[in-house]
Structures are given as structure tokens and as C-alpha cells.
Amino acid sequence: MVQRVGILGAGHTTFAERRDDVRLEELVFEAAASALADAGIARADLGTVVMAGADQLDGRSISSMMAAGPAGAYLKDEIRTTTEGSYAAILAGLRILSGEYETALAITWSKTSESPYDLISSLSYDPFFSRPVAFNDVVESAIVSSTYPSPTVQLAEAAAAIVVKNRRNGSANPRAFLREPTTAEAVLASPYVAYPIRSAELPPPCDGAVALVLASEERVLRSERPPVWIQGFGWGTSNYGYRGGEAAAGLAGLRAAAANAYAMAGVSRPASEIEFAEVFDGTPFDELLAYEALGLASQGKGAEFALEGGSAAGGSCPVNLSGGAQSTNLRFAAGMMRILEAYLQLSHRAGPVQLVAPRQGLAHGATSYPAQGHAVFVLRNY
Amino acid sequence: MGQDERVEAPLIHSGEWNIHYDYAVGETATRFFSRLRDEGKIAGKRCPECKAVLLPPRAYCERCFVKTEEWVDVGPEGTIEAFTIVYEPFDGLPQPPYAVAYVTLDGASTAMANFVRGLDLSVPEVAARELAVGKRVEAVFIDARKGTITDFHYRLK
């Protein structure tokens with residue numbers, strides 16, 4: 001039995017509002033080749049390939065059929081999940097733990113400049129009771145945010161503080177798509193898209209692909225680079241719909257995912273043991289709600305945690321030092337980018353946003369369909 | 001062969017699909033929508049084991065994994081669980097502004113989403129205070145009902 005899963009290397013494409021210079025397959029190849037080069041292994045030595053893609057966003061049914069080749073899976077074992085990008089790392093980790101494979105490439109892509117994202121997100125909804133009532137990702141995200149039990153003014157200021165923090169962090173990160181900071185005044189002056197979400201809280205999307213090379217403990221220890229481990233991982237799904245008394249903002253799915261990941265990693269006090277986190281922040285409310293669900297802030301104190309700088313660079317648990325999705329909105333691939341950034345921190349290769357000697361951090365991916373699917377990864381380098 | 005130094009604008013080839021679906025509503029939701037249309041009543045189904053009254057009605061309880069049989073009329077009043085007010089247009093959605101809320105109707109165990117109408121939405125913060133979680137609403141039925149979920153909407157009490 002393999003004891004734990006490690007990361008041998010990681011890669012990503014350049015990010016742009018539109019990557020019209022490449023077709024989807026070429027975008028996938030760019031990330032896969034980059035990850036294999038970083039891991040220092042040849043495609044021939046790769047055990048299995050795990051892809052995460054969404055046909056309806058890609059505009060091709062069985063989009064893995066075209067992506068398998070450029071992902072490195074030609075005449076190899078491959079499998080795909082359609083949940084969310086970081087679930088490729090979940091599935092790849094499980095395949096390593098099965099003992100069947102020594103190495104696995106986990107890859108995901110998001111080229112949403114090619115398709116009507118908001119309209120496609122409406123397809124997720126029940127055609128009888130929900131679709132006629134005007135739902136999409138943003139609308140549902142706003143609805144979830146409305147259940148957070150906090151004074152309205154404090155909530156708005158905390159959300160703006162998170163956008164300002166992540167955009168400031170992103171401005172220092174050479175990997176980020178948006179590199180311009182913003183101000184709380186600018187965020188709070190922007191119009192509501194769907195109350196309480198404002199236009200400046202919805203980052204512009206970019207095209208790109210992200211890949212990780214995962215490996216067995218034995219294989220990682222043979223690498224010349226100091227090891228980084230995915231010490232624990234878990235996933236969870238929240239209720240579909242609302243039962244009385246179960247506030248959506250409680251993020252039951254994220255709590256379950258975190259509980260599983262913490263148990264596997266032996267983390268019992270996340271607020272003190274998790275030194276930094278890369279958290280899904282498609283809207284600042286997503287990050288705000290995650291503070292409590294992940295146990296980084298105590299119950300009911302998420303907004304204070306944001307406003308008092310607990311999640312800022314230099315805070316007790318810096319969150320999204322990379323700039324997060326607020327700076328690099330990779331939509332379907334956003335969760336995998338969180339893992340990549342956490343990996344680079346623990347590999348001491350995060351560049352200008354590098355922490356001093358971090359030992360343990362967390363990465364979180366979520367289906368942008370809010371409060372539903374969540375994946376949590378505890379990474380450490382010892 | 002020498003290096004080709006022409007710089008060409010990347011080509012975009014467009015594709016479009018107009019796919020029509022005919023979704024079977026099923027006996028349970030058919031009965032729900034028929035009563036909504038013909039009698040202006042909202043009914044959920046009670047789980048024989050956990051006694052939860054499920055709304056939208058389901059033919060089975062997912063938790064207890066048993067069929068539901070008993071119909072229970074609920075509402076017309078209820079409590080807001082969650083809401084939003086949409087101010088920007090989206091593909092495939094109505095012209096803004098409009099308000100949407102999840103409401104647990106009196107007698108139901110789960111919340112059901114619908115539009116909230118009859119409220120001035122021009123000042124977001126003011127409208128949001130009116131729609132706050134915990135506020136009471138009632139279901140209002142339109143005259144020209146078609147057997148769809150928008151045969152009714154919510155209105156603040």
C-alpha cells in the first residue's frame with residue numbers, strides 16, 4: 001500500500017482574456033508539456049492521465065476524446081471527471097493510492113472565451129422548478145451569500161476587503177492574469193450585479209489550463225527536488241435545495257471535505273496548523289464563507305477575520321497570496337490553480353509572493369455552482 | 001523551407017446548436033402543476049418515515065429512500081430563507097431588476113424558489129432590507145395559469 005501522494009511538478013499555460021492563438025487541444029498540450037518538463041519526466045514514463053473538463057463549456061461532447069492526446073494520454077490509461085478542475089487531482093491521488101500507478105498527470109482547462117458561460121451555467125438547474133425562476137451561477141452565488149448571518153455593512157466591507165487583498169496579492173504575482181490592484185472605494189462604488197454581489201467582485205475570466213504531476217511516495221523520494229506532499233484530501237457536496245434551518249452559507253459540503261482532508265492529514269486545529277491557504281474566491285463571499293467552513297476563522301467571525309487582516313499577507317493565515325481567482329479567474333480550472341500555487345509555496349518557488357519557510361498549507365477548489373461541490377487538499381513539505 | 005514570417009490574425013470558426021428537449025415532468029410534479037393551475041393550491045409530499053413535507057414535491061424521500069404517497073397542502077404564507085435581487089442582464093434570464101427568494105411555506109420542510117413581486121427594487125439596500133432572511137411572504141396566484149412554477153410568485157406580507 002502506497003502511503004502518501006506527492007507532487008513531482010506542475011505547469012500552466014499563459015493566461016489571457018482570449019487564447020485565440022491556440023485551439024483547445026493546443027492549450028491542453030501547453031499545460032501538460034509544461035508540467036512534465038517541470039516534473040522532469042518523459043511522457044513515456046507517465047502512468048496515467050486524469051482530466052477534468054466540462055463538455056458544455058468546451059462545446060464538444062466527450063471533449064476528453066480530443067484532449068487525451070495533447071494531455072499526454074496517447075495509448076495510455078486515462079479517465080475524466082466533469083465536476084471541477086481540482087477533482088482531477090482528487091481522482092489522480094486516489095489512483096496513485098490504489099498502487100496501480102506510480103505517476104499521474106492531473107490536468108484541467110478552461111477556455112470559456114469560446115462559449116456563453118452564464119447561459120451554460122443555467123443548464124445546471126432543474127427544468128421544472130428552477131430554470132423558469134431565472135437561475136445561473138451568479139444568481140445562485142448571490143442567494144447563498146444572502147444567508148450569511150452578519151450585519152449587512154460589515155459583510156459588504158469584508159467582501160470589498162477580500163477583493164482588495166487578493167488583487168493586491170495578484171499584482172505581485174507574475175503568474176496572475178490581472179496585475180492591477182484596486183481599492184475598497186472602487187469596489188463599493190461598483191453597481192450590484194445580483195445583491196449582495198457587485199460588478200467589481202466578479203473578476204473577468206481568462207483562458208488557460210493547469211496540470212500537476214502526482215506520484216507515489218517512493219517515486220517522489222527519488223526526485224532530486226525537496227518533496228511536497230498532498231498529505232490529506234477530501235471532497236464533499238452540499239444539499240441540493242434548502243431544508244429549513246440549514247443555511248446555505250454553512251457550506252456543509254466544504255465542511256465535510258475539510259473534515260476528511262484534515263483527518264487524513266492529522267490536522268486537528270486548522271486555525272493554528274494551516275499556515276496559508278489558497279481558497280476558491282470566484283466571488284469574495286465564497287472566500288469569506290470558506291474561512292469558517294475550513295476552520296481558519298471561528299464560527300461567525302469570518303467577516304472580522306477578513307477586516308482585521310487575518311487572511312492578509314502577514315496575517316495569521318494568509319489566504320490567496322497568489323491573488324486567487326479574483327486575479328486569475330480560470331473558472332473551471334480555478335481550483336487546480338489553487339493547488340499549483342500552494343505547491344509552489346511549499347516548493348519555495350512562488351517567486352515574489354513566496355512565504356518564508358512555509359511547512360503546511362491548504363488548497364480548495366469548488367464548483368462555481370455555489371455551495372455545492374468542494375475539494376480540499378492539505379499540502380506539506382515535511 | 002525558410003521560416004514563414006507572415007503574421008495572420010487567428011481565425012475563428014463559429015458553431016451553433018439549437019437543441020430542443022421534451023422533459024417528462026413525471027406523475028408527481030404533473031399533479032403538483034395541475035393543482036397549481038386548476039385550484040391555485042401548492043402541495044408537497046410527506047415522507048412516511050421522517051415526516052418531512054418535501055417541496056418541490058418528490059416521488060421519494062432521498063434521505064429515507066422510500067416512496068412518498070401523501071399530499072399535504074402548504075402555504076400560502078411562508079418565510080424567506082435566502083434571496084437576491086438581480087440588477088444586470090444575463091443571457092437567457094429576464095430583464096432586470098427582479099427579486100428571487102427561497103421560501104419555506106408554512107407546513108413545508110423545504111424551501112422553494114420563486115420571484116418576489118410587488119416590491120420597489122430601485123434602491124438595492126432598501127429593497128434588500130425588505131427581503132431579509134426571516135421576512136414573511138405569501139404566495140400570489142396569477143389569473144392566466146399554465147401549470148408552470150411561475151403560475152405564482154411571492155409577495156411581502
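Helix α5(A) keeps these residues buried: A:Tyr87, A:Ala88, A:Ala89, A:Ile90, A:Ala92, A:Gly93, A:Arg95, A:Ile96 and A:Leu97. Here "buried" means under 20% relative accessible area, while "exposed" is over 50% and "partly exposed" lies in between (1.4 Å probe, protein chains only). With nine of its eleven residues (87–97) buried, α5 of chain A is largely enclosed by the rest of the structure. After α5(A) comes A:Gly99, with a positive phi near 85°. Helices (H or I, at least four residues) and strands (E, at least two) are DSSP runs, numbered from the N terminus.

A quick word on the ground rules. This is a predicted model, where local features need pLDDT of at least 70 and side-chain atom pairs count only at pLDDT 80 or more, though totals for chains, interfaces and linings use all residues. Residues are numbered from 1 along each chain as its sequence is written, chains are lettered from A and ligands numbered from 1 in the order in which they are written, and side-chain values use heavy atoms, with hydrogens and water left out.

**Strands**

Strand β11 of chain A (residues 360–366) is mostly covered, with seven of seven residues buried. A:Gln360, A:Leu362, A:His364 and A:Ala366 point one way from β11(A), and A:Gly361, A:Ala363 and A:Gly365 point the other way. Two strands count as paired if DSSP finds at least two bridges between them. The pairings look like this:

| Strand pair | Sense | Bridges | Example partners |
|---|---|---|---|
| β11 and β12 (373–380), chain A | antiparallel | seven | A:Gly365 and A:Ala375 |
| β1 (42–46) and β2, chain B | antiparallel | two | B:Lys45 and B:Leu54 |

Over in chain B, an open sheet of three strands runs in the order β2-β1-β5, with antiparallel pairing. β2 (53–54) and β5 (70–74) of chain B sit at the edges with a single partner strand each, so one side of each has no neighbour in the sheet.

**Where the chains meet**

Counting contact as heavy atoms within 4.5 Å, 43 residues of chain B touch 36 residues of chain A. Together the two chains bury about 3,200 Å², 68% of it on carbon and sulfur atoms. Buried area is the accessible area (1.4 Å probe) that two parts lose on being put together, summed over both. On chain B's side, B:Arg63, B:Phe90 and B:Tyr102 supply 17% of the area buried against chain A, more than any other three residues.

The largest pocket has a volume of about 1,300 Å³. Of its 34 lining residues, the closest to the centre are A:Asp58, A:Gly59, A:Arg60, A:Glu114 and B:Gly15. The lining divides into 13 nonpolar, nine polar and twelve charged residues. For those classes, Ala, Val, Leu, Ile, Met, Phe, Trp, Tyr, Cys and Pro are nonpolar, Asp, Glu, Lys and Arg are charged, and the others, Gly among them, are polar. α2(A) gives the largest share of this lining, four residues.

There are also four cavities of 30 Å³ or more in the whole structure. The second largest cavity holds about 50 Å³, and its lining has seven nonpolar, one polar and one charged residues; among them are A:Ile7, A:Leu8 and A:Tyr343.

On a 1 Å grid over the protein atoms alone, a cavity is a set of points where a 1.4 Å probe fits but cannot get out, and a pocket is an open set with protein on both sides within 12 Å along at least five of seven lines; lining residues have an atom within 4 Å of a point. Grid points are joined across faces, edges and corners, and a volume is the space filled by probe spheres set on the points.
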